[in-house]
Amino acid sequence: MTAEPLLSLENLSTHYVSQQGSRVVRAVDDVTLSLNAGESLGIVGESGSGKTTLALTILRLLPPAARIVSGRLVFDGEDLRTKSDSEMRRVRGKRIAMVLQDPMASLNPLFSIGDQVGEPIRVHEGASRASAWQRAVGLLKSVRIASPEMRVRQYPHEMSGGMRQRIVGAIGISCGPRLLIADEPTTSLDLTIQAQYLDLLRDLQRRHALTLIFITHNLGIVARMCNRLAVMYAGRVVEQGPVARIFNAPAHPYTQALLGSLPRMSDERERLTAIEGQPPDLASLPPGCAFAARCPMAFARCAAEAPPEFTLGEGRTARCWLAAPATARAPLSAHAVGGEGGAHAEGIGG
Amino acid sequence: MSALLEAAGLSKHFPARRGLFGGDHGVVRAVDDISFSIDNGRTLGVVGESGCGKTTTAKLVLGLETPTAGAIRFDGRDLAGLDAVGRRHYRKSVQAVFQDPFASLSPRMRISAIIAEPLITNEAVTATDVRRRVLELLDLVGLPQRSADLFPHEFSGGQRQRIAIARALAVSPKLVVLDEPVSALDVSIRAQILNLLRDLQDRLGLSYLFIAHDLAAVAHMSHEIVVMYLGKIVEAGDARTLARHPKHPYTQALFSAALPSHPEERREEVVLAGEVPSPLKPPAGCRFHPRCPHAMPRCAQAAPALIQVEGRMVACHLYGT
């Protein structure tokens, strides 16, 4: 492990701006994260929390409406924000690879498996078609696909969902990337197939000294696979740190609520601790903390002023006034916390 | 305790065709000779992976498929013997809530019309009664009364699922089939809906058939659990006992594959080799034997019967004689 982190994001913000410029969605807002080589980071959040936009920002694969508006994005000692598009093309697939959620959509039905697994090798290393196919056979074997010599000649429709996902994984590692970003890699897989795939990823990580980022809504995947965790809410990282410490003593009320809301196998509880209300609309965020309206511990300051990222030691941070040094706290007030069952939420236009 | 619904030797086979005009080429035994029962006010959880037959089981219970063999008895009466009135009554007594509340609610109907629809088609009621009932139902699922005049797009996923639940409850069913009721929802919303379903069960004495792939959610919600593999029940019994001490090798692998709820939670990881075989050509003998870490020669020859083992039913040659 080097002293210099492999990936470091400093105050990074990515916004979606509508054509007239009237509507700004702060999908990623002031995110600071760093990741050492060989670590695995879980980025957890609900839909719309900005986790996928964050991944696309790291790869600079954003849709036209999105802009990286501020911050630094340093990978392996180089600032990716200053790179040209053609320079980025040499980074993507070669040094940073990404595995997407739906293996059916990420494979081309018209090309053979051998062509698709070999493509990055031909593009990045200028290998011949024949030698790329040879390498593809080896890659399929390394993702535990039986009789790879036969499989390279086949097409995606001839494979099961689990096999397709492993093939996408093989494409991901084909050029020996240092960083692999997996966006919800197992949501479309059955449980036992998911276990196989996670087992495989861990094995690949060990053999190729990969650094992994898991984008997921599933805290269970983080518990099994990651050593670091960043929790996102409404575009911001509300808490980050070592996985075990956060699970043992979550600092942010959102993380606490999320962990409390999960059903457990050994449950004796009759009721789960539900988080009332809905996540806020990113285009019209409240002035204070975005979680304040749903937070059982909110006080006056939370609605008025967004908390900065407080450092808690051991590589942990939390964006919550409760994590502030004691002097910054104010007494509890009767700040409104919604009633039963999300009745007060945005949908009803009340 | 009395059984509300009993399935005995239930099978559903689908003919499999090849090509555009091809004739029948064998059958898919989607559900093969399964028996279970659901008691009043209780929840039966069904777990298993794709192709195990859990959705077909739900369709059989809902009366959307007719069984190839076997019988379903509801309140002691065999469904096959019901006349038109009896079938109508049955359809009212068994309702469903589906996975995706974005697909299951018509975008062109107001919430009041969505919730009232089963009521109007099933019962002779006056307009004022319908309105009163709709408002009652909204209240029951924790939505404000003004929701009645809005359209589905004005609601979030969790609220839509509440609407779907209100619609299911409109005709006062005894049994509700819950097919992945929270898997399309955001993580922070799931607990709200699971809590609501439990509260409704307590208040109205509902029975649930709960189908989900999130094993922890099934374990939390269910009183009994049935584990299916390729159309067969491999293990069935008390939810807590089964989740903590699974006996069948498939159940053990399935529950070990479930993600941990804590990073320090260490358990034996059984990673199964291979994938679920095609239901068109299920393996001879025990259908799980090609993937089973404990397979013996006799597993390939004889299908194990479901027998009583330590307080639950297991179909495996490792147990019994």
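## Helix H3 of chain B and its neighbours

In this predicted model, the buried residues of H3(B) pack against helix H4 (127-140) and H5 of chain B; a residue counts as buried if 20 or more other C-beta atoms lie within 10 Å of its own, as exposed if 12 or fewer do, and as partly exposed in between, with C-beta atoms placed from the backbone. Those buried residues are Ile111(B), Ile114(B), Ile115(B) and Ala116(B). Helices (H or I, at least four residues) and strands (E, at least two) are DSSP runs, numbered from the N terminus.

Two packed helices are described by the angle between their axes and the distance between the axes. For helix H3 (residues 111-122) of chain B and H5(B), the axes come within 7 Å and cross at roughly 30°, where axes are lines fitted to C-alpha atoms, for helices over the stretch in contact, and angles run from 0 to 180 degrees between N-to-C directions. From H3(B), the contact takes Ile111(B), Ile114(B), Ile115(B) and Pro118(B), and from H5(B) it takes Ile163(B), Ala166(B) and Arg167(B); two residues are in contact if their C-beta atoms, placed from the backbone, lie within 7 Å. By class, the residues of this contact of H3(B) with H5(B) are six nonpolar, no polar and one charged, given that Ala, Val, Leu, Ile, Met, Phe, Trp, Tyr, Cys and Pro count as nonpolar, Asp, Glu, Lys and Arg as charged, and the others, Gly among them, as polar.

## Contact between the chains

Chain B and chain A each bring 45 residues to the contact. On the side of chain B that touches chain A, at least two residues are supplied by each of helix H5 (157-169), helix H6 (187-204), helix H7 (215-221), helix H8 (239-244) and helix H9 (249-257) of chain B. The largest share, nine residues, comes from H6(B), and the residues of that side divide into 22 nonpolar, 13 polar and 10 charged.

## Strand S8 of chain A

Strand S8 (residues 211-216) of chain A is largely enclosed by the rest of the structure, because six of its six residues are buried. Thr211(A), Ile213(A) and Ile215(A) point one way from S8(A), while Leu212(A), Phe214(A) and Thr216(A) point the other way.

S8(A) pairs in the parallel sense with strand S3 (residues 40-44) of chain A over five bridges, and two strands are said to pair if DSSP finds at least two bridges between them. Within that pairing, Ile43(A) has Ile215(A) as its bridge partner. Strand S7 (residues 179-183) of chain A also runs parallel to S8(A), joined by five bridges, with Ile181(A) opposite Ile213(A).

## The antiparallel sheet of chain A

Two bridges join strand S4 (residues 66-75) of chain A to S5(A), and in S5(A) the bridge partner of Val74(A) is Asp79(A).

## Confidence and numbering

The predictor gives the complex an ipTM of 0.83 and a pTM of 0.86. Chain B averages a pLDDT of 91, and 96% of its residues score at least 70, pLDDT being the predictor's confidence in each residue, from 0 to 100.

Residues are numbered from 1 along each chain as its sequence is written, and chains are lettered from A and ligands numbered from 1 in the order in which they are written. As the model is predicted, local features need pLDDT of at least 70 and side-chain atom pairs count only at pLDDT 80 or more, whereas totals for chains, interfaces and linings use all residues.
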